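Dear colleague,

I am handing over the structure we spoke about, and you will find it directly below. After it come my notes on what was found, arranged by topic so that you can follow them with the model open.

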Amino acid sequence: MSSATKSRPAALRKDETKPAIVKAWGDIKWKLQPEAYNMRQLFMVAMEKAVDTSEDVIVNEHDRVEAQGWLSDLFDEETFEKLFVNAHYGNYVIVRATGIKDFEEMPIYARIGMHLLFYGPAQLRFLRWSLVRNLLKSQSIRQGQIYDQEGPDVVKRIVDFIKTYEINMSDVLIKDPKGYKTFNQFFSRKLKPGARKPASPNDSSVIVSAADCRLNVFQNFTLARQFWVKGKKFTLPELLGSAVLARRFGNSPSLAIFRLAPQDYHRFHSPVTGTVESITTLPGEYYTVNPQAVNQPLDVFTANRRDVCILNASFANAVSTSNTPSQTFPVAFVAIGALLVGSVGWSFNAGDQVKKGDDLGWFQYGGSTVVCVFPEQAKVTWDEDLVKASTGEWQGKEVPEIMAKIPPNAVIGTMSSTEHFGIEVLVRTGEKIGVCTPTFDVQDASAPKKA
């Protein structure tokens, strides 16, 4: 064994079972960037361990890794302190109800996923990309399987999750943790009828929030790429997986991005009233949807596994008369899976009627995102506070007590970037977030189909 190979971590020396050319290429990559190569190998092991330990009772992420010691066992003391103890990764959000700016720390699994995607020189990341993609997919599937298991630890796991994330159980349909056979059943729990009443239920022009989430809104995809989504392929044809379908939305469709964190109620609801035209599954990756990944030049939303639901939504004419009926427009509801998200489920099928605020479906464990797209002809106007936050004009009110709790060395969103970014706003399912004010001549042959 060469002296170079001996200096590599013992747990990573598996070259003996590989073909000679593969071993040679691995040695070349390691010799060119030994520190970065070894570190990325360790991050891959860390992701597997993060899923392994999820079988234990869920507690605070940082307390868990420190108590179990597996993370510090993988990395040397200096690296462990730098990446997982001293550095606190997270993002600012604005609580819409109060206008107060808050800080949300990134879960440990998302941090490991971020390091896997972005640690080391670009050349090495490119060479290892297929391995990372396969690992994120396999571990996301395995995480879903773990949380679908039944057993005596399920109730304790749920109780600790409620305590850790301070889940409000007063609105939950099944309050008793013993009422859930698996953790995923709890994670996709239903709320009591009326717990999230939609704003203006009889006014078809009002758009409501699809989830309890962190929200950004943009008048078009150009603005979304300018202030938030930096993936170069973030276009409507790429998102929907069809250029033909995308043409139905016109040249400048509007969009809303709903990001759900693990602590959120994980069912999503219809932002409009209409009919389900189709639901299509597009296979893809399992990258983290954390803003610190979305704000990088990585195609997250258009690369990840996602379901595309097309709703034919009914909107009244903004200059309606007794002789002007409502018209239907396509609305795209794209449910995007993410790192460690087991699956996406739907409560409706093609041909079903849905009302604004109806439960459309659910995500299993993990953070997730919905992107909702409205056609240009629907003439969407987003609420002013959401627009200002999404473009960075509104940064929320800083409260000294909250700001004092943020670690001084926290890595927050894109603070170190020279680009201008927006900030997410915490909203609840059913809140008004905008209006559609289409105008059309009922005799106009180019107008959308009548409802």
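**Cavities**

The structure holds two cavities of 30 Å³ or more. Please keep in mind throughout that this is a predicted model. The second largest cavity has a volume of about 40 Å³, and its lining is made up of Val229, Gly231, Phe234, Val294, Leu298, Asp299, Val300, Phe301 and Thr302. Sorted by class, that lining contains six nonpolar residues, two polar residues and one charged residue.

**The protein as a whole**

There are 17 helices and 17 strands in the protein, and of its 451 residues 53% are buried. Among contacts with a separation of 6 or more, 78% are between residues 24 or more positions apart. The protein exposes about 19,900 Å², of which carbon and sulfur atoms supply 52%.

**Helix H10**

Does the span of helix H10 agree or disagree with what its 12 residues should give? Helix H10 covers residues 154-165, and because each residue is taken at 1.5 Å, the helix should span 16 Å; its end C-alpha atoms lie 17 Å apart, which agrees. Glutamate 166 follows H10, and the phi of glutamate 166 is positive, near 50 degrees.

**Two further residues with positive phi**

Serine 200 is not a glycine, yet its phi is positive, at about 45 degrees. You will find serine 200 in the loop between helix H11 (183-187) and strand E3 (206-208), where its relative accessible area of 35% makes it partly exposed.

Lysine 379 is likewise not a glycine and has a positive phi, in this case of about 50 degrees. Lysine 379 sits in the loop between strand E13 (368-374) and strand E14 (380-382), and with a relative accessible area of 42% it is partly exposed.

Tryptophan 346 belongs to strand E10, which runs over residues 344-346. Is tryptophan 346 buried or exposed? Its relative accessibility is 17%, and since buried means under 20%, tryptophan 346 counts as buried. Leaving aside residues up to four places away in sequence, tryptophan 346 touches Phe268, Ile279, Asp307, Cys309, Phe333, Ala335, Leu360, Gly361 and Trp362. One of these residues, leucine 360, is 14 residues from tryptophan 346 in sequence, and the C-alpha atoms of tryptophan 346 and leucine 360 are 5.9 Å apart in space.

Valine 45 is located in helix H3, which comprises residues 34-53. At 24% relative accessibility, valine 45 counts as partly exposed, because the cut-off for buried is under 20% and that for exposed is over 50%. Valine 45 and isoleucine 112 are separated by 67 residues in sequence, while their C-alpha atoms are 9.9 Å apart in space.

With kind regards

Methods:
Residues numbered from 1 in each chain as written. Predicted model: local features only at pLDDT ≥ 70, side-chain atom pairs only at ≥ 80, totals over all residues. Heavy atoms only, no water. Helix = DSSP H or I, 4+ residues; strand = E, 2+ residues; numbered from the N terminus. Expected span 1.5 Å × (residues − 1). 1 Å grid on protein atoms, 1.4 Å probe; cavity = no way out; pocket = protein on both sides within 12 Å on 5 of 7 lines; lining within 4 Å. Points joined across faces, edges and corners; volume = space filled by probe spheres on them. Nonpolar A, V, L, I, M, F, W, Y, C, P; charged D, E, K, R; others polar. Buried < 20%, exposed > 50% of the residue type's maximum accessible area, 1.4 Å probe, protein only. Contact = heavy atoms within 4.5 Å. Areas by Shrake-Rupley, 256 points an atom, 1.4 Å probe, with all protein chains shown as cover.
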